[in-house]
Amino acid sequence: KPGAIGGDSTAELIRKARRDKNVKAVVLRVDSPGGSAYASEIIRREVLATKAVKPIVVSMGSYAASGGYWISASADEIWASPTTITGSIGIFGMLATFEEPLNTLGISRDGVGTTRMSGAFDVARPLREDVANAIQQSINNGYREFLEIVAEGRNMSVEAVDEIAQGRVWSGKTALE
């Protein structure tokens, strides 16, 4: 519905427009600060499928950042107002742990694990270094993929995208420059 976006539901709307022979082009209005890379990729794949058979143009609203830019990058054209907040080509991750507050409250837990990864994501324990490294590698891989998507979609080199990306945001006017 207007005002909400979901990977599967938005992809389905784009798919319907692509399959409708009466639709000659698609204008996708993006007004999103971002969200799930997974959901954004589902939408982007429909953008690519549509682009293969008819023009698809993104019209950016107040903001089209992070996941909003992920789904926009592959469009034939991107239109933004001078005050649109866009960019935020970056990925981050967090895993909160609560071992100190739980210890302070005297709350403890116990369990038995049979593999090396048992308890790896237990929020009552500090994050293990090997798990932190695996999470960081996943984030780095996602960032590299984001750079490649933007580079391909906007006809730029990955290096040029990385130079302006790194999670920064831009006004529509500055982004165009």
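Helix α7 gives the largest share of the lining of the largest pocket, five residues. Helices here are DSSP runs of H or I with at least four residues, strands are E runs of at least two, and both are numbered from the N terminus. Quick housekeeping: this is a predicted model, where local features need pLDDT of at least 70, side-chain atom pairs count only at pLDDT 80 or more, and totals for chains, interfaces and linings use all residues. Numbering runs from 1 along each chain as its sequence is written, and side-chain values use heavy atoms, with hydrogens and water left out.

Okay, back to that pocket. Its volume is about 530 Å³, meaning the space filled by probe spheres set on grid points joined across faces, edges and corners. A pocket is an open set of points on a 1 Å grid over the protein atoms alone, where a 1.4 Å probe fits, with protein on both sides within 12 Å along at least five of seven lines; lining residues have an atom within 4 Å of a point. Who sits closest to the centre? Of 20 lining residues, that's Tyr-69, Thr-86, Gly-172, Ala-175 and Leu-176. At least two lining residues each come from β3 (77-79), β4 (85-87), α6 (158-164) and α7 (172-176). By class, we've got 13 nonpolar, four polar and three charged; nonpolar is Ala, Val, Leu, Ile, Met, Phe, Trp, Tyr, Cys and Pro, charged is Asp, Glu, Lys and Arg, and the others, Gly among them, are polar.

Next, aromatics. Rings of Phe, Tyr and Trp (its six-membered ring) pair if their centres lie within 6.5 Å; planes under 30 degrees apart are stacked, over 60 edge-to-face, the rest tilted. That rule leaves us with one aromatic pair. With ring centres 4.7 Å apart and planes at 50°, Trp-70 and Phe-146 are a tilted pair. Trp-70 is in α3 (residues 67-72) and Phe-146 in α5 (residues 129-153), so the pair ties together parts 76 residues apart in sequence.

Then there's Phe-121, in the loop between α4 (99-104) and α5. Leaving aside residues up to four places away in sequence, Phe-121 touches Leu-95, Val-131 and Ile-135, contact being heavy atoms within 4.5 Å.
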